[in-house]
Amino acid sequence: MGTWDIGPFDNDSAADWSARLHDAAPAERAGIVERALRDVETESGYLDGDVAADAIAAAAVVAAQLPGGPKIESAYAPDFLTGGEPLPLPDHLPALAVRALDRIVADESEWRDLWADSGALDKAVAELGPIRGALDRRGPLAGAAG
C-alpha cells in the first residue's frame, strides 16, 4: 500500500475507493460506504491492509455526515463531499463503522502492523480519534436514508 500521510484518504487504496465513491451514481454511494465497512466484518483471520484503508475512509465519510463530525478536507476525498454535498446514509452505519475501526486497530490487522513497523502506530490511532468520537456519539445522520 502506498501511503503518503496519516489521514484517512492518504493512501493508494483509500484514494482509489474515494474515486469510486465520487464516480458512482448518487443512489449507489450509501451502498459503497456500507460495503467497505462490512468487508472488515466479513473478512476472517488477518485483516488485509487495503480492506482496512477503505473502511477507514468509509468511516470518515460516515462521521462527517454526523452533527459535529470531522469535516473532510483531503484533496483525495470525494469532491462532492469536500464541496459540501450531503450523503444520505442509513442510521445503522455509525455503529458498523465503530466495529470496523475497532477491528482495524486490534491485533490481526495489517493496518496496525504496518503502522507499528513504521513507529507511528500511536499517531495513526490518534488520527482516527475524532472519527471514532463522532461515530460513538451516534447522533442522527444528516439527510439520513433510514
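**Ground rules**

I number residues from 1 along each chain as its sequence is written, and side-chain values use heavy atoms, with hydrogens and water left out. Since this is a predicted model, local features need pLDDT of at least 70 and side-chain atom pairs count only at pLDDT 80 or more, while totals for chains, interfaces and linings use all residues.

**Entry 1: the cavity**

I looked for cavities first. A cavity here is a set of points, on a 1 Å grid over the protein atoms alone, where a 1.4 Å probe fits but cannot get out. Points are joined across faces, edges and corners, and the volume is the space filled by probe spheres set on them. I got 1 cavity of 30 Å³ or more, and the largest cavity comes to about 90 Å³. Its lining has 12 residues, and the closest to the centre are Ile6, Gly7, Asn11, Trp111 and Trp115. (A lining residue has an atom within 4 Å of a point.) Helix 3 (49–64) and helix 6 (110–118) are the elements that give two or more residues to this lining. Helices are DSSP runs (H or I, at least four residues), numbered from the N terminus.

What classes of residue does the lining have? I noted 8 nonpolar, 3 polar and 1 charged. For the classes, Ala, Val, Leu, Ile, Met, Phe, Trp, Tyr, Cys and Pro count as nonpolar, Asp, Glu, Lys and Arg as charged, and the others, Gly among them, as polar.

**Entry 2: salt bridges**

Next I went after salt bridges (a side-chain nitrogen of Lys or Arg within 4 Å of a carboxyl oxygen of Asp or Glu). The structure holds 8 of them.

I looked up aspartate 54 with arginine 20, which meet at 3.8 Å, N to O. Aspartate 54 sits in helix 3 and arginine 20 in helix 1 (residues 12–23), so this pair ties together parts 34 residues apart in sequence. Aspartate 54, at 14%, is buried, whereas arginine 20, at 45%, is partly exposed.

Glutamate 34 and arginine 38 form a salt bridge at 3.0 Å, N to O. They are 4 residues apart in helix 2 (residues 26–42), so about one helical turn separates them. Glutamate 34 is buried at 18%; arginine 38 is partly exposed at 31%.

Glutamate 41 bridges to arginine 99 at 2.6 Å, N to O. Glutamate 41 is in helix 2 and arginine 99 in helix 5 (residues 93–105), so the pair ties together parts 58 residues apart in sequence. I have glutamate 41 as partly exposed at 37%, and arginine 99 as partly exposed at 42%. Glu34, Arg38, Glu41 and Arg99 are linked in a salt-bridge network.

**Entry 3: aspartate 10**

I found aspartate 10 in the segment before helix 1. Aspartate 10 is buried yet has no salt bridge. Where is the nearest side chain of opposite charge? That is lysine 123, 9.5 Å away. (Lys and Arg count as positive, Asp and Glu as negative; His and the chain ends are not counted.) The side chain of aspartate 10 does reach the backbone nitrogen of glycine 7, at 3.0 Å.

**Entry 4: glycine 84**

Last, I checked glycine 84, in the loop between helix 4 (79–82) and helix 5. Glycine 84 is exposed at 59%. From proline 8, glycine 84 is 76 residues away in sequence and 18 Å away in space, C-alpha to C-alpha.

Note on methods. On a 1 Å grid over the protein atoms alone, a cavity is a set of points where a 1.4 Å probe fits but cannot get out, and a pocket is an open set with protein on both sides within 12 Å along at least five of seven lines; lining residues have an atom within 4 Å of a point. Buried means under 20% relative accessible area, exposed over 50%, partly exposed in between (1.4 Å probe, protein chains only). A polar contact is a pair of N or O atoms within 3.5 Å; within protein, one must be able to donate a hydrogen and the other to accept it, and residues adjacent in sequence count only if both atoms are side-chain atoms.
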